[in-house]
Amino acid sequence: MNKQKLMQQIVVAILLGVITGWGFNHYLDASQAKEVASYISIITDVFLRLIKMIIGPLIFSTIVAGLIAIGGSASIGRLTIKAMIWFIVAGLISISIGTLIVNLFEPGVGLNIIIPQHESINTGLNTTGFSLKNFISHIFPSSFVEAMANNEILQILIFSIFFGSALSYICRNSQKSSPIVTIIEDLARIMFRITDYVMALAPIVVFAAIASAITVEGMGLLYEYGKLIGLFYLGLLLLWCVLLAVGFLFLGKDIFSLMKFIREPIILAFATASSESAYPKTMSALSSFGVPKKISSFVLPLGYSFNLDGSMMYQSFAILFIAQAYNIDLSITEQILIMLTLMVTSKGIAGVARASVVVIAATLPMFNLPEAGILLILAIDQLLDMGRTATNVVGNSIATAVIAKMEEKRGSAARKEDV
């Protein structure tokens, strides 16, 4: 009943946010609207800071507790291989759908924008560091404290795997249980309780996020960029259908039950455009669905760094849209190279502010595309970010549930062999 009530409150908050935002945008001038929006967004900023406060300890404690429950490096390696195969295939499908839709419907054709000559465009985005070398070296933390302080999910994941594996080894080879195990398990329970406290603010935060965005941008953006927004959400819908179809192959009709359980984190991710805000609720929803915490606590954080389905579709969609807007013809070979580049540069960006836009800005000069093109999508990035973030939650939830199902079948087969 509490979950149903919270769901209803979030839906009402979205409607009130739209109405409030429209009112402020309609009756205030541009400067006043921005000032009002800045005050409204304080609520969202505080909420996201609270979420970041709990993400690091929550991931660390749940991963370590999960690895102790899994036991053995073979189990960890098996889960990692299954997860990475899923993430790579899902990423290719996401990028392919985005590329296909832009090529079919050509939303940028007809804009005929002139390429700026010798003009430096300041987008306010930090695009340095997006190379394979930097990505690989950045995976491994130089300091666990620094990783926790900066909410580097991938680095926390790596340290947690080392820590959990070592602790699991000690527990297996020791005649007495380690008190650290009890501390870690208690820490996980504490963090989930703190999560409940923070999530009680969700309806207020959803209202503030929607109202703030519409106060500044207004409803007019929906009309001006209607074709682009509509085609992007069409692509997301197709991606959802593919993910649900694949999920149905493994989970059967349970896939629909899963979607009911994750409605709340999907709406929260959509409204706040933040995957981190939905992480605790997603963990809880997967647990309620029946996914063992030892699996969800390992696969879900891994997915947050490697399985950004919505973000990868957006990146391919936006880059080809920009090329079309400037009348730049990209060959099939060039488009494939762009897809492969995005597969690498989009990894491990979960903690980067406006990560997808940063990846696009960094990729454009690699293929001699005008950097000024990023300005074409900045105005509606918030609207697109909401959809791609919600899609990331769906993709990671289905991936985790499917891998849990595969592990369950493997366990059943192993027990039969023992008998």
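Start by selecting Leu337, which sits in helix α16. Keep in mind as you click around that this is a predicted model. The largest share, four residues, comes from α16.

Stay with α3 for the next stop and pick Arg78, then Glu407. These two form a salt bridge, and their closest N and O atoms are 2.9 Å apart. Glu407 belongs to helix α19 (residues 381-418) while Arg78 belongs to helix α3, so this pair ties together parts that are 329 residues apart in sequence. As a rule, side chains of opposite charge can pair when their charged atoms come close. How many salt bridges turn up in a search of the whole structure? The count is five.

Next, select residues 226-251 for helix α10 and residues 254-261 for helix α11. Their axes are 8 Å apart, and the two helices pack at an angle of about 125 degrees. α10 and α11 are therefore oblique to each other. To see where they touch, show the side chains of Trp240, Leu244, Gly247, Phe248 and Leu251 in α10, against Asp254, Ile255, Phe256, Leu258 and Met259 in α11. Sorted by class, this contact has eight nonpolar residues, one polar and one charged.

Last stop: helix α12 (residues 263-272) and helix α13 (residues 275-289). Here the axes come within 8 Å and cross at roughly 175 degrees, which means α12 is roughly antiparallel to α13. On the α12 side, highlight Glu264, Pro265, Leu268, Ala269 and Thr272; on the α13 side, highlight Ser277, Ala278, Lys281, Thr282 and Ala285, and you have the residues that make the contact.

Methods: Residues numbered from 1 in each chain as written. Predicted model: local features only at pLDDT ≥ 70, side-chain atom pairs only at ≥ 80, totals over all residues. Heavy atoms only, no water. Axes fitted to C-alpha atoms, helices over the stretch in contact; angles between N-to-C directions. Parallel < 35°, antiparallel > 145°, perpendicular 65-115°, else oblique. Contact = heavy atoms within 4.5 Å. Nonpolar A, V, L, I, M, F, W, Y, C, P; charged D, E, K, R; others polar. Salt bridge = Lys/Arg side-chain N within 4 Å of Asp/Glu carboxyl O.
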